[in-house]
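Here is a short briefing to read alongside the structure. Keep the viewer open and follow the residues as they come up.

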Amino acid sequence: MALSHDDLWPRAGSWPSFAAEDDADAVLLGVPTWRTSLSPTGAHATPAAIREALTRYSATLMGPPVVDLGEALRVLDAGDVAEPDGEAGIAASVARVHELAASARLVIALGGDNALTYPVARGAGATGLITIDAHFDLRDGISNGSPVRRLIEDAPEKERIDPTKIVQIGIADFANSAAYAARAAEWGIRVITLDEVRRRGIDEVVAEATRIAGAGAAARIHLDVDVDAADRAAAPGCPASVPGGFAAWELRALVRSIVADPRVVSADIAEVDATADTDDMRTVRLAALCVLEMLAALVAR
Ligand SMILES: N=CN[C@@H](CCC(=O)O)C(=O)O
């Protein structure tokens, strides 16, 4: 169904294309990984679906003061990496993100499954990592369940992330194993479970996470937003979302609060399978709103 048009109600999305000489506040890049997903997924369809969902919303913050993100920020769209899986795809994704990160304050990568975190964080030159995720992603091998381990162990030495600068927010019961919890503890990763977020509140947890991931001179933080950290009712299109996860508002508030830290230079939105979504793209809409929360955070810096 075509969306109604109103000159006085401009819609988000449909941002101009990125060109090599451009500077921007934020650049969108589709990184449609899917081939190594543990659960069958159509996540490669998701970047296009998020772009379409963005046009359902305005880019206007109610404040006060009211702010039009389209006027306050220069947002560009760099299209998609054509084939981001496999060795050549990873190299192409790293190179593309590296190029964009040189010209934009924030690179927003639209996944794709969670395997995209590995090339995107590398390309952005991340020195610290915050994940919002129900899972550790510390598995062996190459999959959507291993990008955090790969950033610690598999990346070229200069691009590896020190595990003591990694914070994992939203780790859920009944969605992980004791072996990977032990691996996280042994490596010095700061794990903040879903229950701990609820006990302490978003502001306190984000202050701690950005302090840890942003440690050191010239810190560059990558934020991985695995939408499966959200409640299955809010994220039915994520293969591994769990009933009882973050409410949509909690996920959005976490994203806005973390990206407001100027050390955050890149982010990804992962694990949404647009082909499995329900309720006219409920999960894709949440992913699109996470994009808008990131832009709102840039204005707040
Ligand atoms: N980022 C997601 N990680 C999940 C993947 C599960 C799946 O695809 O089924 C994990 O490792 O368990």
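**Around tryptophan 187**

Let's start with one side chain and its neighbours: tryptophan 187 touches Leu138, Arg149, Ile152, Glu153, Pro163 and Thr164, leaving aside residues up to four places away in sequence. Please bear in mind that this is a predicted model.

- Tryptophan 187 belongs to helix H6, which covers residues 178-187.
- Tryptophan 187 has a relative accessible area of 18%, and because buried means under 20%, this residue counts as buried.
- Leucine 28 is 159 residues from tryptophan 187 along the chain, and their C-alpha atoms are separated by 32 Å.

**Nonpolar cores**

- The largest nonpolar core has 64 residues, of which Ile132, Ile169 and Leu295 touch the most other members.
- Helix H10 (residues 282-300) supplies the largest share of this core, with 13 residues.
- A separate core of 19 residues lies apart from it, and its members include Phe18, Leu29, Leu76 and Val107.
- Isoleucine 132 has contacts that include Ile169, Leu223, Phe246, Leu251 and Ile258, not counting residues up to four places away in sequence.
- As general background, nonpolar side chains tend to be buried together in soluble globular proteins.

**Helix H1 against helix H10**

- The axes of H1 (residues 46-54) and H10 come within 8 Å and cross at roughly 70°, so the two helices are roughly perpendicular to each other.
- On the H1 side, the contact is made by Ala49, Ile50, Ala53 and Leu54, while H10 brings Val284, Arg285, Ala287, Ala288, Val291 and Leu292.
- By type, the residues of this contact are 9 nonpolar, no polar and 1 charged.

Conventions. Residues numbered from 1 in each chain as written. Predicted model: local features only at pLDDT ≥ 70, side-chain atom pairs only at ≥ 80, totals over all residues. Heavy atoms only, no water. Helix = DSSP H or I, 4+ residues; strand = E, 2+ residues; numbered from the N terminus. Buried < 20%, exposed > 50% of the residue type's maximum accessible area, 1.4 Å probe, protein only. Contact = heavy atoms within 4.5 Å. Core = buried A, V, L, I, M, F, W, Y, C linked by side-chain atoms within 4.5 Å. Axes fitted to C-alpha atoms, helices over the stretch in contact; angles between N-to-C directions. Parallel < 35°, antiparallel > 145°, perpendicular 65-115°, else oblique. Nonpolar A, V, L, I, M, F, W, Y, C, P; charged D, E, K, R; others polar.
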